[in-house]
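This report covers selected local features of one protein model. The sections below take up loop residues, helix packing and a sheet.

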Amino acid sequence: MTLTCGTGLRARMAERSYSRRGRSLSLSRLLQIPFPTLRHHARSPATALRAGRGPELSPSSTAMDEEAKSGPKSDTNTNAAAAAEAAAAAPLSPSSSSEAAEREAKVEGAAEEGEVVERLVELVGEIAAISDFRNPYRRQFCNLSRRIRLLVPMLEEAKEAPAPLPVASEAALRRLREALDAAGELLRLGSSGSKIFLVLEREKIMKTFQDITARLEQTLAGISFDELNISDEVREQVELVHAQFKRAKERSDSSDDDLFNDLMFVYNSSSSASVDPDILRRLSEKLQLITIYDLNQESVTLHEMASGGDPGAIVEKMSMLLKRIKNFVQTQDPEMGAQASTTDVSHKDNSTCPSIPDDFRCPISLDLMKDPVIVATGQTYERGCIERWLEAGHDTCPKTQQKLPNKSLTPNYVLRSLITQWCEANGIEPPKRSAQLSNAPKPCTAAEHNNVVELLQKLSSQNLEDQRGAAGMLRQLAKRSAENRACIGDAGAIPILVSLLSTTDISTQEHVVTALLNLSIYEENKARIITSGAVPGIVHVLKRGSMEARENSAATLFSLSIVDENKVTIGASGAIPALVQLLSNGSQRGKKDAATALFNLCIYQGNKGKAVRAGLVPILLELLTVTESGMVDEGLAILAILSGHPEGKAAIGAASAIPVLVGVIRNGSARNKENAAAVMVHLCNGEQQQQHLAEAQEQGIVSLLEELAESGTDRGKRKAIQLLERMNRFLKQQSQAQAQAEAMAQAHAQAQAQALVQAQAHAQAQTQAQALVQPQAQAETQVERSLLPTSSSHIPD
């Protein structure tokens, strides 16, 4: 999702001289957590292999198959949890023992309730920091690590779930923690363990992979997204990870048989001289034991295994194999040992550097990025590489080949921070940007410093004219150059400016808030502005200032919100309702500023509900219906973010948004169609799914989705295909329901016809009975009359 500005707006923003950075930061990147430093001390390899199995997993493959079929279990590695599980599975004991066990389990659960999610986040951070898998199982280790890292957004949202957690959800999270503990041990073994050991114990390694994969798959299957209040977008990502674990559990990866056979051949050979040099060369290359540093590290690892109590026979075998490989390597390069003695081990050569994550490489140069920037399509490149691409006359995105609507480059501060943290965790010097050297602010001269000090003295005076004039001069100076912004910030101007935000003089207030806006462009000033308590004052101006002051207040909040921590601070200050108000009744420039600020703030999950409760959704839908407003791009981008939040989805559905969204899919730009489809995917999932799908069908969305699935953007195609699948299921269900209703109606009609036939038969039978009874009655009447005396017999003589 990308917010873009028109050329007219860029011209109007020239006076304020700040760039709208961070608009294209993807949700997935912003949700990444800082990765702690890698723990170098790992448990022994044997311990790591044992950690792959829960208490009920036996070493045999049969036990693993039975465990995989039985569904999720309460795997655990702690004594207390194992005891509780055993007590639950054991036959009933006397009441006193069962009550004591139950009380103990409850006390233990209450003590850990608030720590489960936090520990899960820490575990994923530790796993993410393990990145150097230079061994024959690199693909399996990397896949396991990547899938676990994709669980971060779910855990971040689970931290905000209502407390206390339901019992089932808490138990599921505990099982996840135990599975991640085992996965972390295995990954640490793959990163810092013996490479020879991994090959010799290949069957145990692959068995451990299968065990951990099965545990993670079962655990994810038992997590209730509704109880943890997980958004639809994150839910889709976790479901994808779960499907990958399920496929991996059912698929058995094969190990390198040739490598194992070569190792065993070398081990069984009587001497190194009798071994084919080609075999030793293959071993050296496949095991990546090429330099003296590699060999020394492997030797240290074997020594730690021996001192850690691992079986002596396997260590002795590995030591002999390592010695023969080392002899071969030194024979090929006799100077290697001398070089090692004069080289600091901490300065690794290129062959021993950790594998760089793909996300940290520039798609053009494939090198570690120093100054990552985002283009209009949302892709990230090294600044120098993409600048050369654009200077060569290209107007497309190198990776997606989409036409670039503009050539603006937005610094990706979050990715740069992650790269720096990764470098520090792996003992690598963080890359220095070329711009960091050429464009770094130069120290201001003594005359410039004195000029700023004089202005600050006037700004601190009680004379209104002096304050107004000094604030205006600082505003102009901060606009001109980075050197001025650094000089003003270093001189201590920010706290004085913040104190004047509440002034009643309109001009002074406008100068002050705009000066803070210009100063916030310099990274160090962002922290100074926040720590000086400026946010409440900026929000005050946003609510009650002149239109120009309100516009610049919104722009300042956007500039500050580029830093993730500031999103939380700004959201808690009451700024969101004021920004929504500016979006509703502000000037055109004010609406743009409010929209960009709201977009950036709503990337943080905790701010989405606040924006919805402030009435943002109806305003956004109104902007979508007025194409002359020029706010369709911004409105859809914000709606796409809010639709992944439960409150946002409910508000969008209640606002009758389906016709508007279908209209955008029909007539909007490629990017707008993509965002509209993304909103529809969220709406057509959940309790109101049938209702929304029926309404969308009435609007003629099916043919539009088929077209989007053929010719839309990559993300638009995915969303269109998801909607078509749901629509097809809905139409199939609707057809089945209609056929069932028709069958029931037909059966009812047949029953009525049958009842009518029975009624007619009954009436005919009654008529026939009456016809038989009537002659008999007449005969009886005649008999009775014949028995009566005649009248003449009673006349007297």
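Predicted model: local features only at pLDDT ≥ 70, side-chain atom pairs only at ≥ 80, totals over all residues.

The backbone of Asn229 has a positive phi of about 60°, although the residue is not a glycine. Most residues other than glycine have a negative phi.

Glu160 is 69 residues away from Asn229 along the chain, yet the C-alpha atoms of the two are separated by 8.0 Å. Glu160 also sits in a loop, the one between helix H9 (152-158) and helix H10 (167-192). With a relative accessible area of 40%, Glu160 is partly exposed. Apart from neighbours within four places in sequence, Glu160 is in contact with Tyr604, Gln605 and Gly606.

## Ser656

Ser656 is another residue other than glycine with a positive phi, here near 55°. Its place is in the loop between helix H36 (646-654) and helix H37 (658-667).

## Helix H8 and its two partners

Two packed helices are described by the angle between their axes and the distance between the axes. For helix H8 (residues 138-149) and helix H12 (residues 202-221), the axes come within 12 Å and cross at roughly 15°. H8 is therefore roughly parallel to H12, since angles under 35 degrees are classed that way. The crossing of these two helices is left-handed. On the H8 side the contact is made by Gln140, Phe141, Leu144 and Ile148, and on the H12 side by Met206, Phe209 and Leu216. By class, these residues comprise 6 nonpolar, 1 polar and no charged.

H8 also packs with helix H7 (residues 116-129), where the axes come within 9 Å and cross at roughly 145°. This crossing, too, is left-handed. Val124, Ile127 and Ala128 of H7 meet Ser145, Ile148 and Arg149 of H8. The contact of H7 with H8 has 4 nonpolar, 1 polar and 1 charged residues. Ile148 of H8 takes part in the contact with H12 and in the contact with H7.

Strands of a sheet pair through backbone hydrogen bonds, either parallel or antiparallel. Which order do the strands take in the open sheet of 3 strands? The order is S2-S1-S3, and the pairing is antiparallel. Strand S2 (380-382) and strand S3 (410-411) are the edge strands, each pairing on one side only.

Strand S1 (residues 372-374) is joined to S3 over 2 bridges in the antiparallel sense. Within this pair, Val373 of S1 stands opposite Pro411 in S3. Helix H19 (residues 383-391) packs on the sheet and touches S1, S2 and S3. The direction of H19 makes about 95° with that of S2.

Methods: Residues numbered from 1 in each chain as written. Heavy atoms only, no water. Axes fitted to C-alpha atoms, helices over the stretch in contact; angles between N-to-C directions. Helix = DSSP H or I, 4+ residues; strand = E, 2+ residues; numbered from the N terminus. Parallel < 35°, antiparallel > 145°, perpendicular 65-115°, else oblique. Left-handed = near helix turned anticlockwise from the far one by under 90°. Contact = heavy atoms within 4.5 Å. Nonpolar A, V, L, I, M, F, W, Y, C, P; charged D, E, K, R; others polar. Pairing = 2+ DSSP bridges. Buried < 20%, exposed > 50% of the residue type's maximum accessible area, 1.4 Å probe, protein only.
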